[in-house]
Amino acid sequence: MDAASVAGTGRDGRVTKGDALAASAPAKAAPAAAPAAAPAPTTLSLDGRPEQRVPMSRLRARIAERLLQSQQENAILTTFNEVNMQAVIDLRAKYKDKFEKEHGIKLGFMSFFVKAAVAALKKYPLINASIDGKDIIYHGYFDIGIAVGSPRGLVVPILRNADQLSIADIEKTIADFGRRAADGKLGIEEMTGGTFSISNGGVFGSMLSTPIINPPQSAILGVHATKDRAVVENGQIVIRPMNYLALSYDHRIIDGREAVLGLVAMKDALEDPQRLLLDL
């Protein structure tokens with residue numbers, strides 16, 4: 001140790017005994033770095049392969065609870081039909097540019113499914129009803145749940161009073177739902193209630209499915225991918241853009257007649273979308 005390098009703390013800067021002892025003491029070790037966050041625990045299965053156990057998120061646990069409740073409490077049946085989407089595709093192609101310029105939103109297909117569903121629910125109000133104990137509640141309004149995928153799981157925000165919304169209003173609201181679902185910013189009040197739901201598995205490529213009712217609702221429409229398919233028209237095989245529709249319903253209050261006719265009404269509205277403008 002070089003005495004000249006020792007800083008003195010005594011009078012006039014003199015080096016004290018304490019200064020000399022402190023300078024000669026071994027340097028303290030630097031504090032250890034904080035340990036890195038432990039990875040999710042990995043265990044081995046019975047045959048020695050790795051597995052990871054991760055707790056469900058609160059949202060996923062709630063979804064699981066509600067789906068199980070639906071299966072246990074509802075007498076679920078599903079009826080199917082096919083719809084030729086050519087008229088909707090042509091209408092969209094004709095007006096999509098003007099629509100986007102006028103309203104600042106792209107013209108999609110979901111708004112047509114919503115309008116078609118509302119038209120059918122007006123004709124067959126049991127599909128828009130719900131059960132409360134031993135009572136049937138007929139809803140005089142049309143709050144349509146729109147199933148939206150998010151990183152946290154499937155959420156179903158509600159289009160309130162969908163019968164009073166324009167095509168542009170519906171498209172804007174659905175787009176907003178999608179953005180906020182991705183950011184986890186949908187409020188619980190926006191996903192509560194609803195009288196009927198629409199699930200669009202077609203955006204992921206689904207051809208056919210049997211959607212599960214969202215309690216306390218009594219029915220849900222499953223929409224799928226529109227694909228060119230060979231169909232028979234006037235005895236001739238032709239290619240048409242077809243979509244398979246599935247309507248799952250609670251058979252406790254909705255009989256097959258209402259379910260089938262309700263789905264046919266949706267099909268008819270989509271194959272002749274002008275009738276939606278005339279409330280036919």
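Before you select anything, one definition: buried means under 20% relative accessible area, exposed over 50%, and partly exposed in between, with a 1.4 Å probe and protein chains only. The model is predicted, so local features need pLDDT of at least 70 and side-chain atom pairs count only at pLDDT 80 or more, while totals for chains, interfaces and linings use all residues. Residues are numbered from 1 along each chain as its sequence is written, and side-chain values use heavy atoms, with hydrogens and water left out.

Start with N161, in the loop between β9 (158-159) and α5 (167-182); helices (H or I, at least four residues) and strands (E, at least two) are DSSP runs, numbered from the N terminus. N161 is not a glycine, yet its phi is positive, near 50 degrees. It is partly exposed, at 32% relative accessible area.

Next, pick N234, in the loop between β12 (227-233) and β13 (236-250). Here too phi is positive in a non-glycine residue, at about 55 degrees. N234 is exposed, with a relative accessible area of 81%.

Now select P215 and P216: the peptide bond joining them is cis, with omega near 5 degrees. P216 belongs to the loop between β10 (196-200) and β11 (219-223).

Finish by showing I63, R66, L154, V155 and V156. Of the 33 residues lining the largest pocket, these lie nearest its centre. A pocket is an open set of points on a 1 Å grid over the protein atoms alone, where a 1.4 Å probe fits, with protein on both sides within 12 Å along at least five of seven lines; lining residues have an atom within 4 Å of a point. Colour α2 (58-73) too: it gives the largest share of the lining, 8 residues.
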